[in-house]
Amino acid sequence: MKHSIFGSTSWIFALLMVVYSCQSSGEPPAPVSPVPTEAQVDYQRMEFNGFVHFNMNTFTNMEWGYGNEDPSLFNPTNLNCDQWVSTMKEAGMKGVIITAKHHDGFCLWPSEYTEHSVKNSPWKNGNGDVIKELSESCAKHGLKFGVYLSPWDRNHKDYGKPEYITYFRKQLTELLTQYGDIFEVWFDGANGGDGYYGGANETRKVDKLTYYDWENTYDLIYELQPHAIIFSDAGPGCRWIGNENGYAYKTTWSPLLMDSVYGGMPEYSEKYSMGQEHGTHWVPGEADVSIRPGWYYHPYEDHKVKSLEALTDIYYKSIGRNATLLLNFPVDKRGLIHERDREQVIKLSEQIAKDFKENLIKDAKASSSESRGKRFNTEKTMDDDPETYWAAKDQMVTATLTYTFQESKTFNRIVIQEHIRLGQRVRAFNIEVLQNGDWNPVAKGTTIGYKRILRIPDVTGEGIRLNIEDSRAAPTISNFAIFHAPPMMSPPKIQRTVNGQVHISVPDERAVVYYTTNGSEPTTDDQIFDKDIDLPRGGLIKAISSFNGEVSETASVEMDIAPGKWSIVNAGNESFKAIDLDENTWWAGDELILKLNEALKLKGFTYLPTQQRYPTGFVEKYSFYTSMDGEKWKLVARGEFSNINNNPIEQRIPFEETRAAYIKFVANQTADDRPASIAELGIITR
Ligand code: FUL
């Protein structure tokens, strides 16, 4: 008996020794499903890509064309794809995706299957091909090339019928066989609605789940471009991050319950866009955002190009939260990335280069509470090889990685990466810093994934440690790094009261604000802001803040006549929220009549839907009337606010100049059939 007990113990002991020696001799942990394909690993390592929205809408000044636009309108004067690609390369982007066809159906390449393309435009006498030019520029500069092909086609007569799917696949085949390697194929979730449809001018609804028969389209893509990443809400290559602000989430999983999702489903953003810990397929997030408010070029957004501060924030909230970043350039009517857009993206890349200039972990002494042996020791998190990594022993779901410095260091950025080839594992972690012998907490988080970047206030210490608190399986870390990013001077914030008093503020109280009102770029020689500026009739304010020789970017706001003297004709007091110049308040109602208290020459109007977190009452179709007496009304504009659901920014609708003392805004249709939400309604007189 004794003997046999001894025998079985020694057997268990021997087995443990084998397991242990296996682990210490360097067996990698078993993968945890789902895991990325080789193409997905390559794609996630690209991190930062460029998006281009350029085609018919560029020339009609729209976001969504109806599909009846005349091809003769497409005529860039100076199209230069080399300028786009060299800008993106300089900015650190690795690939570019272009709207080969947007919802209006106009094709940037001379497709054999439609007349609605560049071949019937005056550009290069109909002999041009933007897709060819861009793919060649990409090959020349070493960027990867991808295409956006809108499933919704408001031009095509067969949209909604099975014949259209055949057409759609033929177009895909052209794009995937004639222009070299394609790294990403981008399918938008917006589809079905009214359109030209070959002259039918009607509303067509499709069943988004079944109409496109996506499975067979995906097979076709993989047959023609086996390495391509397919983007949609439902992947399968990568997924939409669920907003058009370029932000991923503090908890972002690459695994996705893919079979529960389909492209364009209404509840996607709320329920699925963060991915799921128990997701069945590897479908990493891609955060898309435009460098301007709109996706397409509009001259009136030239002064609304995102600030360096906003772009940097986007970088950290996308690439720093386990997503890739797809930053859009609305290429202009010349066929160029606008100077301001170029300037801003280069500033972003310079800022990122400054933030990550020197990895301060390099000469630290590294250890861990445990590891699988030498091949997976903590030093592997400090080399520059993405294929090497630290890993815990099987069954261990907590661990501590410790780095101690020769002398104390100050830092404010922490970069952590998992070895995603084996699946995304970490559920919770925290960071502590060694200060005078004590470990003090400085940050905590949930998911890590391909890359997590933490921004913290400056901290100084003699060491740092990563405590993994919980993990789906033995954690793996391929990279751990720390940096000291320099401070950034924030641009001032310009606000105006309803009576036209302009106030300029800056977060840093030590900073001085300088401004101009004549449109010129402010410098530290300009007027100092020390009291509110009176601007009831509107104007252009540009301002900078400066401290200790550091100068911020310029903030610029163009204002029209202040609404202080207006009155509301048809609604109660609550409705003043629609004209209070405060974006955070809003009113719900389908019709708003305003008395302007004077006759004005109106050139257009503006509408901003509610900016609260959850959308409600976004106006999709509107009518706008003017009147001199509040009784006889003239319809001056009627139409749709395109893409307002995904991008609820200020809508500017110009109309033929008209004199008016009253205006009436009518919401003919809202996205959710709830009463219209109006955060701000404004007029354009300038
Ligand atoms: C949206 C589209 O409807 C927009 O026009 C734009 O193309 C954006 C990237 O995706 O859903």
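## Stop 1: the largest nonpolar core

Start by selecting Phe 74, Trp 84 and Phe 187: in the largest nonpolar core, which counts 77 residues, these three touch the most other members. Keep in mind as you look around that this is a predicted model. Next, colour helix α6, residues 162-177; with seven residues, this helix gives the most to the core. The core also draws on two domains, taking at least three residues from each of domain 1 (38-354) and domain 2 (365-483). As a general background, nonpolar side chains tend to be buried together in soluble globular proteins.

Now zoom in on Phe 74 and show what surrounds it. Which residues is Phe 74 in contact with, leaving aside its neighbours within four places in sequence? They are Phe 54, Asn 55, Met 56, Phe 59, Phe 106, Leu 108, Val 118, Ser 121, Pro 122, Trp 123 and Val 130. For a second, separate core, select Ile 579, Ile 653, Ala 676 and Ile 678, which are among its 31 residues.

## Stop 2: the ligand

Try the distance tool on a few polar atoms here:

- From His 102, a polar side-chain atom lies 2.9 Å from an oxygen atom of the ligand.
- From His 103, an N or O atom of the side chain is 2.9 Å from a ligand oxygen atom.
- From Glu 244, a polar side-chain atom lies 3.4 Å from an oxygen atom of the ligand.

How much of the ligand does the protein bury? Taken alone, the ligand exposes 290 Å², and the protein buries 97% of that.

## Stop 3: the domains

Zoom out and colour by domain. The domain assignment gives domain 1 (38-354), domain 2 (365-483), domain 3 (493-559) and domain 4 (567-684). Taken over C-alpha atoms, the centres of domain 1 and domain 3 are 36 Å apart.

## Stop 4

Select Gly 682, in strand β36 (residues 680-684). Is Gly 682 buried or exposed? Gly 682 counts as buried because its relative accessible area is 13%, under the 20% limit. Leaving aside neighbours within four places in sequence, Gly 682 is in contact with Phe 605 and Thr 606.

Now move to Gln 651, which is in strand β34 (residues 651-670). Gln 651 is also buried, with a relative accessible area of 11%. A polar atom of the Gln 651 side chain lies 2.8 Å from the backbone oxygen of Ile 649. Beyond four places in sequence, the contacts of Gln 651 are Phe 605, Thr 606, Tyr 607, Phe 641, Ser 642 and Ile 644.

## Stop 5: backbone details

Most residues other than glycine have a negative phi, and most peptide bonds are trans. The places below are worth a look with that in mind.

Begin with helix α2 (residues 38-46), where Ala 39, Gln 40, Val 41, Tyr 43, Gln 44 and Met 46 are buried. Step just past α2 to Glu 47, which takes a positive phi of about 65°. Then select Asn 61, in the loop between α3 (56-60) and α4 (81-90). Its phi is positive too, near 60°, and Asn 61 counts as partly exposed because its relative accessibility is 35%. For another case, go to Leu 581, in the loop between β29 (567-568) and β30 (587-588). Leu 581 has a positive phi near 60° and is partly exposed, with a relative accessible area of 34%.

Finish with two cis peptide bonds. One runs from Ser 33 to Pro 34, with omega near -5°, and Pro 34 is in the loop between α1 (2-24) and α2. Another joins Gly 235 and Pro 236, with omega about 10°; look for Pro 236 in the loop between β7 (229-232) and β8 (238-240).

Terms used. Residues are numbered from 1 along each chain as its sequence is written. This is a predicted model: local features need pLDDT of at least 70, side-chain atom pairs count only at pLDDT 80 or more; totals for chains, interfaces and linings use all residues. Side-chain values use heavy atoms; hydrogens and water are left out. A nonpolar core is a set of buried Ala, Val, Leu, Ile, Met, Phe, Trp, Tyr and Cys residues joined through side-chain atoms within 4.5 Å. Buried means under 20% relative accessible area, exposed over 50%, partly exposed in between (1.4 Å probe, protein chains only). Helices (H or I, at least four residues) and strands (E, at least two) are DSSP runs, numbered from the N terminus. Domain bounds come from an automatic or database domain assignment. Contact means heavy atoms within 4.5 Å. A polar contact is a pair of N or O atoms within 3.5 Å; within protein, one must be able to donate a hydrogen and the other to accept it, and residues adjacent in sequence count only if both atoms are side-chain atoms. Accessible areas come from the Shrake-Rupley method with a 1.4 Å probe; for residues, only the protein chains shown count as cover.
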